[in-house]
Amino acid sequence: DNQRVIIHVRDVNDEPPYFINRPLPMQAVVQLNAPPNTPVFTLQARDPDTDHNIHYFIVRDRTGGRFEVDERSGVVRTRGTDLFQLDMEYVLYVKAEDQNGRVDDRRFQSTPEERLSIVGGKRAPQFYMPSYEAEIPENQKKDSDIISVKAKSFADREIRYTLKAQGQGAGTFNIGPTSGIVKLAKELDFEDLRQPHVYSLVVTATEDSGGFSTSVELTIRVTDVNDNAPKFELPDYQAHNVDEDIPPGTSILKVKAMDADSGANAEIEYLVSDDHFSVDPSGIISNNKQLDADNNNAYYEFVVTAKDKGEPAKTGTATVRVYTKNKNDEEPKFSQQVYTPNVDENAGPNTLVTTVVASDKDGDNVRFGFVGGGTSSGQFVIEEITGVIRLRNREIALEKDKYELNVTAMDDGACCVNGDSTIHTSTAVVVVFITDVNDNKPVFEDCSKYYPKVEEGAPNGSPVIKVHAKDEDKGVNGQVKYSIVQQPNQKGTKFTVDEETGEVSTNKVFDREGDDGKFVSVTVKATDQGEPSLEGVCSFTVEITDVNDNPPLFDRQKYVENVKQDASIGTNILRVSASDEDADNNGAIVYSLNAGSNIQDLEYFEIQPESGWIVLKKPLDGCIPVSKVYTIFCRQRL
């Protein structure tokens with residue numbers, strides 16, 4: 001929560017009063033025949049305390065009691081009837097007290113004593129200041145006001161002002177005759193030696209109608225303005241034959257600039273535009289870094305700036321050229337540190353591999369070779385002058401993926417006197433990548449071993465086999481993708497293959513006993529990604545394995561046979577026959593016999609499981625019914 005609090009500060013009477021009368025010192029006139037109680041002057045004092053109580057007093061009277069002061073109003077009046085003497089000065093010392101502001105039991109806060117001069121009859125005008133001073137910049141505009149002077153006439157007359165120069169400077173300033181405003185009469189230039197920097201003037205105030213006059217000194221000081229930029233003694237400085245290997249901090253040359261201004265406006269600091277160099281306050285230019293004659297056409301050109309400390313600062317510039325003397329201090333530099341050319345694997349002798357390039361900033365000639373010396377390395381050779389690298393001029397067998405060569409560049413010191421006393425060498429690496437040529441087609445190495453099987457009725461997408469083709473080429477030339485070759489006059493394909501992995505899957509549900517048969521041929525193609533691409537194929541047979549999905553079927557639905565009553569045991573009565581479309585055990589049939597409603601009937605007949613012959617098992621007698629109905633079962637052999 002916030003609460004507004006108002007604090008009232010109570011004043012304490014702790015400030016003394018002070019006179020506000022102007023001009024000073026206090027002056028007045030009194031008529032010679034002034035009657036008693038004639039006011040001649042009014043004292044005025046102020047006190048910043050809120051509860052002040054100001055009273056005015058004459059501290060010392062040098063007039064013989066001719067004047068008195070009203071304690072509350074401060075009005076100084078005449079006393080007595082005696083005439084005042086002409087031109088005689090009457091002096092009073094006065095003060096003002098704050099009688100609410102005690103210092104101690106005896107004293108109150110008061111002003112210092114002030115002298116009040118009263119002259120009988122007439123007195124000369126009084127300026128409000130005992131002297132006047134002004135300060136103007138040299139770029140002060142002509143006819144602009146400089147200072148205002150003012151004088152008080154004790155006779156209440158109009159005052160005329162005149163201005164006179166003491167020494168140099170006549171006509172530089174003028175004054176308004178009635179206004180007392182001093183103006184600049186002509187333009188100033190601080191740097192002009194004919195013009196003083198301090199003007200001593202006298203201002204005279206004269207009352208109209210032949211009255212009194214008085215004068216006061218006016219001092220006008222002209223200050224410098226930063227209106228001159230620093231100027232160098234020369235527009236262009238040069239230093240010749242400077243060794244490029246001089247240590248940093250070596251003095252090279254000296255520049256100098258002058259500023260016609262004065263004071264801080266003439267204080268100069270130097271700057272350079274190239275960080276290879278520095279300049280000290282005296283203008284001596286030194287190198288900050290190691291110089292290099294091989295850059296910038298063997299010389300450095302930059303700008304040196306002289307800046308003064310005026311506000312705002314002004315600057316001057318000059319050009320500096322430092323001509324350096326070359327030395328063999330640079331090693332050859334290859335255009336690149338690593339070269340990566342490509343060469344076909346079947347490239348022949350003298351085939352161009354690449355060209356290495358090196359240059360020497362010193363201007364030396366450069367010769368090329370291999371690290372360890374010589375111009376041959378394995379199956380590669382380099383030309384000493386040109387840097388051309390080729391395959392050797394005899395049998396070539398590029399069996400690796402890449403070959404790494406280390407080459408050298410050596411200068412001859414031809415740039416400079418005694419340059420050959422120091423020889424420089426640099427190295428670079430050439431990595432020759434052998435590019436594969438697409439000259440090998442994909443090969444299914446295990447094609448003859450593919451004997452996959454798949455059950456009939458297996459769902460669509462069932463895995464069959466994973467084929468693999470190998471391509472002896474490299475890179476994209478050796479990358480293989482697989483596809484199924486569609487048989488002529490075939491709608492769709494019975495198999496699919498993953499183009500990346502070679503995984504072969506079914507594309508339908510097979511029926512061994514239907515149109516698909518027991519064996520299905522499939523051809524897979526492998527294609528590499530070279531340009532142009534090469535292909536390899538693999539054809540193999542997929543065996544459709546049997547599933548027991550067909551029941552045995554009798555060749556008729558009902559068998560009827562007559563049996564003699566006296567038939568002997570073991571007599572073949574009739575033979576039943578059934579078939580099954582499944583294969584192997586799934587198609588092998590076993591027969592069995594079952595009575596319809598009377599299980600005792602099975603005592604007379606039996607069936608041979610393999611052949612299907614129904615044989616008499618027990619003699620028939622006259623008690624049995626005329627006919628019997630039996631159910632014959634056949635089942636698959638387990």
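A polar contact is a pair of N or O atoms within 3.5 Å; within protein, one must be able to donate a hydrogen and the other to accept it, and residues adjacent in sequence count only if both atoms are side-chain atoms.

I worked with a predicted model, in which local features need pLDDT of at least 70 and side-chain atom pairs count only at pLDDT 80 or more, while totals for chains, interfaces and linings use all residues. Residues are numbered from 1 along each chain as its sequence is written, and side-chain values use heavy atoms, with hydrogens and water left out.

**Entry 1: aspartate 473.** I located aspartate 473 in the loop between β41 (463–466) and β42 (480–485); strands are DSSP runs (E, at least two residues), numbered from the N terminus. A polar atom of its side chain lies 2.9 Å from the backbone nitrogen of asparagine 440 and 3.3 Å from that of aspartate 439.

**Entry 2: surroundings.** Which residues does aspartate 473 touch, not counting those up to four places away in sequence? I found Glu345, Asp436, Val437, Asn438, Asp439, Asn440, Gly478 and Asp528, with contact meaning heavy atoms within 4.5 Å.

**Entry 3: burial and charge.** I noted that aspartate 473 is buried (under 20% relative accessible area, 1.4 Å probe, protein chains only). Aspartate 473 has no salt bridge (a side-chain nitrogen of Lys or Arg within 4 Å of a carboxyl oxygen of Asp or Glu). The nearest side chain of opposite charge, lysine 474, is 8.8 Å away.

**Entry 4: domains.** I looked up the division of the chain, which includes domain 2 (126–223) and domain 6 (548–637); the bounds come from an automatic or database domain assignment. The centres of these two domains, taken over C-alpha atoms, are 161 Å apart.

Technical notes:
Helix = DSSP H or I, 4+ residues; strand = E, 2+ residues; numbered from the N terminus. Buried < 20%, exposed > 50% of the residue type's maximum accessible area, 1.4 Å probe, protein only. Lys, Arg positive; Asp, Glu negative; His and termini not counted.
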